[in-house]
Amino acid sequence: TCSKDQTIRVWSANSEGDFACTAVGHGHTGPVGTVACNRRVDRSPFVVSGAKDCTLKVWNVISEGSSCQLVVRFTQLAHKKDINSVAVAPNDKLLASGSADRTAKLWNSTDGSLVGVLNGHRRSIWCVAFSP
């Protein structure tokens, strides 16, 4: 989950259906409005977040028994305005971000390098997604 408190959280459920926060990620300097998880179960888990501070962060999820730790893999000053949406490609190799600056951008999920910019919308982009 993500929040106006500038954090992201990872949650787990036990066999009784109870939920517990297992990690909190600090580092954004503005409200965090979007979060997505990697999709491949055979790869190391990571979380992507986008915020009002215009940054895109990728967090490695490091398991530590019943809890975990969020460690920033990279932070990218990704857009000129708020990031409204992030998505992870089915193969985990690309990330997408959509912003109030009217652009969507594609990123390399390993190192944060910019792959491409999608221009054309006349208003803010609210959602980005990859085809399965």
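Predicted model: local features only at pLDDT ≥ 70, side-chain atom pairs only at ≥ 80, totals over all residues.
Which residues make up the largest nonpolar core? Residues are numbered from 1 along each chain as its sequence is written, and side-chain values use heavy atoms, with hydrogens and water left out.

**View 1. The largest nonpolar core has 12 residues.** Its members are A36, F46, V48, L56, V58, F74, A78, I83, V86, V88, L95 and W107. Strands β4 (46-51), β5 (55-64) and β7 (83-88) each supply at least two residues of this core, and β7 gives the largest share, 3 residues. A second, separate core of 10 residues includes I8, V10, V47 and W59. A nonpolar core is a set of buried Ala, Val, Leu, Ile, Met, Phe, Trp, Tyr and Cys residues joined through side-chain atoms within 4.5 Å. Buried means under 20% relative accessible area, exposed over 50%, and partly exposed in between (1.4 Å probe, protein chains only). Strands are DSSP runs (E, at least two residues), numbered from the N terminus.

View 2. Residues up to four places away in sequence are not counted; A78 then touches C54, T55, L56, I83, K105 and W107. Contact means heavy atoms within 4.5 Å.

**View 3. An open sheet of 4 strands has the order β7-β8-β9-β10.** The pairing is antiparallel, and the edge strands β7 and β10 (114-118) each pair on one side only. From one strand to the next, the twist averages 20° (axes are lines fitted to C-alpha atoms, and angles run from 0 to 180 degrees between N-to-C directions). Two strands pair if DSSP finds at least two bridges between them.

**View 4. Pairing of β8 with β9.** Strand β8 (residues 94-99) and strand β9 (residues 104-108) are antiparallel and joined over 5 bridges. G98 stands opposite A104 in β9.

**View 5. The hairpin of β9 and β10.** These two strands pair in the antiparallel sense over 4 bridges, and K105 has V117 in β10 as its bridge partner. Between the strands lie 5 residues, and G112 in the turn has a positive phi of about 80°.

**View 6. S109 in the loop between β9 and β10.** S109 counts as buried because its relative accessibility is 3%. Leaving aside neighbours within four places in sequence, S109 is in contact with F46, V58, R73, F74, D92, K93, L94 and L95.
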